[in-house]
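Look through the sequence and the structure below.

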Amino acid sequence: MISEIGMHLMVIAALITLFAGVVKGAVGFAMPMIMISGISSILPAETALAMLILPTVMTNVTQALRQGWRAAWGSVKRFKVYLMVGGVFLVIGAQLVPYLPSHILLLIIGAPVTVFALMQLFGVSFTIAPANQLKAEAMIASIAGFIGGMSGVWGPPTVAYLTAVDTPKREHVRVQGAIYGLGAVALFLAHLQTGVVSTRTLPASALMLLPAGVGMLIGFAIHDRLDQAKFKKATLVVLVVAGLNLVRRGLMG
């Protein structure tokens, strides 16, 4: 596959992956969105999907374990309802792929996520009271899981929820790593069956590990310099971009 793609396109794909890694390290999400959007503009979408799988697994595991496995396990226990409910609805959503158009669901989630992030950026306060947090966690997890099963997109509602409950920035990123890491492993295993992951495509994906890792280290350095307020603002900006991208994909059908 590498010889088929050509060195100049591989370099462009690596630069896109480097940028995706920087954003991922800084705010914790958006790597698959950036890679699939950027690389699919120069290569077939299936090739772009194959190339992002190994970097996505690696960066999410690194992100989840950055403060050690005990911290990661603590975050998993704190958000266990989100993980369990989201997992159940992800399975349900996946079963409905043949029957429901995913572009409608992308619009349904993309529009409110964009509105939420813009409202926060313009100073409109939106928080979830501790008394309502468990209900909200289960409700948003069900939406994220269902959408994720249908479309492979579960990041924006997850980030919106973590932002709404004022999750500290380190845990914010760590929880995202745990949630997306489990999803990335599932994606890897699923595409072993579809043929997207194969001995032909894995070398190209493996080559993206280096720019993804370097980008993530740069992103971690940016993340460590951000205070909670700046981190929240940066997260909301990326969330607006992610939400608008979902709306774009939904409108394109």
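At what angle do the axes of helix α5 and helix α10 cross, and within what distance do they come? In this predicted model, helix α5 covers residues 69–78 and helix α10 covers residues 169–194. Their axes cross at roughly 80° and come within 9 Å. Angles from 65 to 115 degrees count as roughly perpendicular, so α5 is roughly perpendicular to α10. In general, the angle between the axes and the distance between the axes are what describe two packed helices.

The residues that make this contact can be listed from each side. Helix α5 brings A71, A72, S75, V76 and R78, which meet E171, R174, V175 and A178 of α10. Sorted by class, the contact of α5 with α10 has 5 nonpolar residues, 3 charged residues and 1 polar residue.

Next comes the space inside the protein. How many cavities of 30 Å³ or more does a search of the whole structure find? The search finds 1. The largest cavity has a volume of about 60 Å³. Its lining consists of Q63, R66, Q67, R170, V173, R174, F220 and H223. Helix α10 gives the most to this lining, with 3 residues, and α12, residues 209–225, also supplies at least two. By class, the lining has 3 charged, 3 polar and 2 nonpolar residues. One of the lining residues, R174, is also among the α10 residues that meet α5.

The last point is confidence. The protein has a mean pLDDT of 85, and 94% of its residues reach 70 or more. Helix α12 has the highest confidence, at 95, while helix α1, residues 2–5, has the lowest, at a mean of 76. Where pLDDT is low, predicted coordinates should not be read in detail.

Key. Residues are numbered from 1 along each chain as its sequence is written. This is a predicted model: local features need pLDDT of at least 70, side-chain atom pairs count only at pLDDT 80 or more; totals for chains, interfaces and linings use all residues. Side-chain values use heavy atoms; hydrogens and water are left out. Axes are lines fitted to C-alpha atoms, for helices over the stretch in contact, and angles run from 0 to 180 degrees between N-to-C directions. Helices (H or I, at least four residues) and strands (E, at least two) are DSSP runs, numbered from the N terminus. Angles under 35 degrees count as roughly parallel, over 145 as roughly antiparallel, 65 to 115 as roughly perpendicular and the rest as oblique. Contact means heavy atoms within 4.5 Å. Ala, Val, Leu, Ile, Met, Phe, Trp, Tyr, Cys and Pro count as nonpolar, Asp, Glu, Lys and Arg as charged, and the others, Gly among them, as polar. On a 1 Å grid over the protein atoms alone, a cavity is a set of points where a 1.4 Å probe fits but cannot get out, and a pocket is an open set with protein on both sides within 12 Å along at least five of seven lines; lining residues have an atom within 4 Å of a point. Grid points are joined across faces, edges and corners, and a volume is the space filled by probe spheres set on the points. pLDDT is the predictor's confidence in each residue, from 0 to 100.
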